[in-house]
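Please keep the sequence and the model in view while reading.

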Amino acid sequence: MAKRPEVRSLAVVARIGFLSLLTTAIWSNPFISIGNDGTPAATAKPVTFTEAQKQVIAQVKSKGGQVLALAQTDARLDVSFHLSDQPVTDEQLALLPGLPEVAILNLRGTKITDAGLVHVGTLKNLVKLHLEKTAITDAGLAHLSGLEKLEYLNLYGTKVTGAGVKGLAKLPKLQRLYLWQTEVSDADLQELQVSRPELKIIKDLKTPPTTPAPEEPKK
C-alpha cells in the first residue's frame, strides 16, 4: 500500500533535519574528520609534539619566529620569520632541522644567506617556501634540489639568475614560481617553461604566467 504524500513529505523533512544536525555536529567538532563520501571518518587525535620538538619550537619563537600547526589534527607546521621584531639570519635557520614536519616556511625580507639554505634543504616535507626580498643567489638554490614535495617557491627580488633557476625544473611537484625583479632573462624563462610546460611562472605583477611560444608549422 503506497504511502500518502503527506507521510512521504514528513519523512523527507525528518531526514533533512537529521542530516542538518549531523553536519552541525561535525563542523563544530574539530576532531571529527569527513570521509570521501561525506560521512564521518574515524575520530582523529589532536596534534601533539615530543619534548624535543617543543624545545625547538620554543627556541624558534624566542628568535622571533612564529610556529603554527596547519590544523588541529595536522602535525605539519607553518613557520614564519617575516614578521619578526629582530634580525633573522642563518642562526635561526639552523634550528629548522629539528622540525622535520615544516610544510610552509616564510623567510621574506630576512637577512639569510645562501649558506643558511643548507638547513632549509633538509625539510623534506616542505610544500611552500617564501624567499622573496632576500640576498640569496644561485648557490643557495642548489641546496633546495632535494625538496621533492615543494609546490610553491617565491624568489621575487632576489639575485638568482637563469643558471640557478634551470635546476628548479627537476623539482617534481613545483607548480608556481615567482621570478619578478630577478636576474633571470626572458630567454631563460622560456627555456624553463618549455622543459616544464605545466609550471606557472610569474615574472611580474601584471603579466600572466608565461606559456611556451607556439611551434611554427613545419613546411
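In this predicted model, helix α7 spans residues 186-195, and its buried residues are Asp188, Leu189, Leu192 and Gln193. Viewed along the axis of α7, these buried residues fall within an arc of 135°, so they line one face of the helix. The face turned away from that buried side carries Asp186, Ala187 and Val194, which are exposed. On the buried side, the residues of α7 pack against helix α6 (162-165) and against the strands β6 (176-178) and β7.

Strands β6 and β7 also belong to an open sheet of seven strands, whose order is β1-β2-β3-β4-β5-β6-β7 and whose pairing is mixed. The edges of this sheet are formed by β1 (66-71) and β7 (200-202), each of which pairs on one side only. Neighbouring strands of the sheet are turned by 15° against each other on average, with direction ignored. Within the sheet, strand β2 (residues 74-80) runs parallel to strand β3 (residues 102-106), and four bridges join the two. Serine 80 has asparagine 106, in β3, as its bridge partner.

| Salt bridge | Closest N and O atoms |
|---|---|
| Lysine 54 with glutamate 51 | 3.5 Å |
| Glutamate 132 with arginine 108 | 3.5 Å |
| Lysine 203 with aspartate 186 | 4.0 Å |

Lysine 54 and glutamate 51 both lie in helix α2 (residues 51-62), where they are three residues apart, or about one turn of the helix. Lysine 54 counts as partly exposed at 42% relative accessibility, whereas glutamate 51 is exposed, with a relative accessible area of 54%.

The salt bridge between glutamate 132 and arginine 108 links distant parts of the chain, 24 residues apart: glutamate 132 sits in the loop between β4 (128-130) and α5 (138-141), and arginine 108 sits in the loop between β3 and α4 (117-120). Glutamate 132 has a relative accessible area of 4% and is therefore buried, while arginine 108, at 35% relative accessibility, counts as partly exposed.

The salt bridge between lysine 203 and aspartate 186 likewise links distant parts of the chain, with lysine 203 in the segment after β7 and aspartate 186 in helix α7, 17 residues apart. Lysine 203 counts as partly exposed at 30% relative accessibility, and aspartate 186 counts as exposed at 54%, a residue carried on the face of α7 that is turned away from its buried side.

Key: Residues are numbered from 1 along each chain as its sequence is written. This is a predicted model: local features need pLDDT of at least 70, side-chain atom pairs count only at pLDDT 80 or more; totals for chains, interfaces and linings use all residues. Side-chain values use heavy atoms; hydrogens and water are left out. Two strands pair if DSSP finds at least two bridges between them. Axes are lines fitted to C-alpha atoms, for helices over the stretch in contact, and angles run from 0 to 180 degrees between N-to-C directions. Buried means under 20% relative accessible area, exposed over 50%, partly exposed in between (1.4 Å probe, protein chains only). The arc is that of the directions from the helix axis to the C-beta atoms. Contact means heavy atoms within 4.5 Å. A salt bridge is a side-chain nitrogen of Lys or Arg within 4 Å of a carboxyl oxygen of Asp or Glu.
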